[in-house]
Number of protein chains: 2
Amino acid sequence: MDKVNLAEKFALFSEHFQQKLVGELNGQHVKLAKFQGPFIWHHHEVEDELFLVVHGRFRMEFRDRHVWVEEGEFLIVPHGVEHRPVADEEVHILLFEPASTVNTGGAGGERTVAPVAL
Amino acid sequence: MDKVNLAEKFALFSEHFQQKLVGELNGQHVKLAKFQGPFIWHHHEVEDELFLVVHGRFRMEFRDRHVWVEEGEFLIVPHGVEHRPVADEEVHILLFEPASTVNTGGAGGERTVAPVAL
């Protein structure tokens, strides 16, 4: 039951598109990630995902449109919806999603990583 | 799949210890609340709760200690643990918890409120 300071945790890593586990509750993970550049197109069969921007901004691309998500904003991507996050500059993200979620969803491949505890 | 701007949502209400629903995913609720003053002692039988401070600070009291939670910090309170949030000055909180969560847990009483969509 220790509190988590987001800025302190973000200072502990620099890799992009990795997932750092900072909390767990009700079968859900709270994870931090730094995005820079484009990720890959993917979707999640069963998991909805929440992206909260703590610092910076990024663009969530969908097949038919895109949404800019700014600092202090969040976006929920429902399961089944193809998406690709793209960050022109580094962005710091808090993720909230089921513990079962794989970062690349059903796409798999070399960019698949497991979350690592910070 | 619209994004949510936290500052814009907080500007829409002023009541304390109410819960405003701003997102739902995987059976979990994302809610906003403004706390000021002491809440009541309670616990949740099955639900863990996450409190993320978006603006200000508050003190989470436990029976044997307390934790100050500052802007940019979060605290997870596991189910079964008695707690009482107290804010000397108004604080803006983002809550993540199961949709089944009642704000007063097993304590019930006049301060029980259902979340309202913003």
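1. Start with A:Gln28 and its surroundings. Leaving aside neighbours within four places in sequence, A:Gln28 is in contact with A:Gly23, A:Phe96, A:Glu97, A:Pro98, A:Ala99, B:Asn26 and B:Gln28 (contact means heavy atoms within 4.5 Å). A:Gln28 sits in strand β3 of chain A, residues 28–38; helices (H or I, at least four residues) and strands (E, at least two) are DSSP runs, numbered from the N terminus. A:Gln28 counts as buried because its relative accessibility is 6%; buried means under 20% relative accessible area, exposed over 50%, and partly exposed in between, with a 1.4 Å probe and protein chains only.

2. A word on what you are looking at. This is a predicted model, in which local features need pLDDT of at least 70, side-chain atom pairs count only at pLDDT 80 or more, and totals for chains, interfaces and linings use all residues. Residues are numbered from 1 along each chain as its sequence is written, chains are lettered from A and ligands numbered from 1 in the order in which they are written, and side-chain values use heavy atoms, with hydrogens and water left out.

3. Now for confidence. Chain A has a mean pLDDT of 96, and 100% of its residues reach 70 or more; pLDDT is the predictor's confidence in each residue, from 0 to 100. For the complex, the predictor gives an ipTM of 0.95 and a pTM of 0.96.

4. Is B:Lys20 buried or exposed? B:Lys20 counts as buried, because its relative accessibility is 9%. You will find B:Lys20 in strand β2 of chain B, residues 20–25. Not counting residues up to four places away in sequence, B:Lys20 touches B:Phe13, B:Glu15, B:Val30, B:Lys31, B:Leu32, B:Val116 and B:Leu118. With one of these, B:Glu15, the side chain of B:Lys20 makes a polar contact of 3.0 Å (a pair of N or O atoms within 3.5 Å; within protein, one must be able to donate a hydrogen and the other to accept it, and residues adjacent in sequence count only if both atoms are side-chain atoms).

5. A:Thr104 counts as buried because its relative accessibility is 0%. Beyond its neighbours within four places in sequence, A:Thr104 is in contact with A:Phe39, A:Ile40, A:His42, A:Arg111 and A:Thr112.
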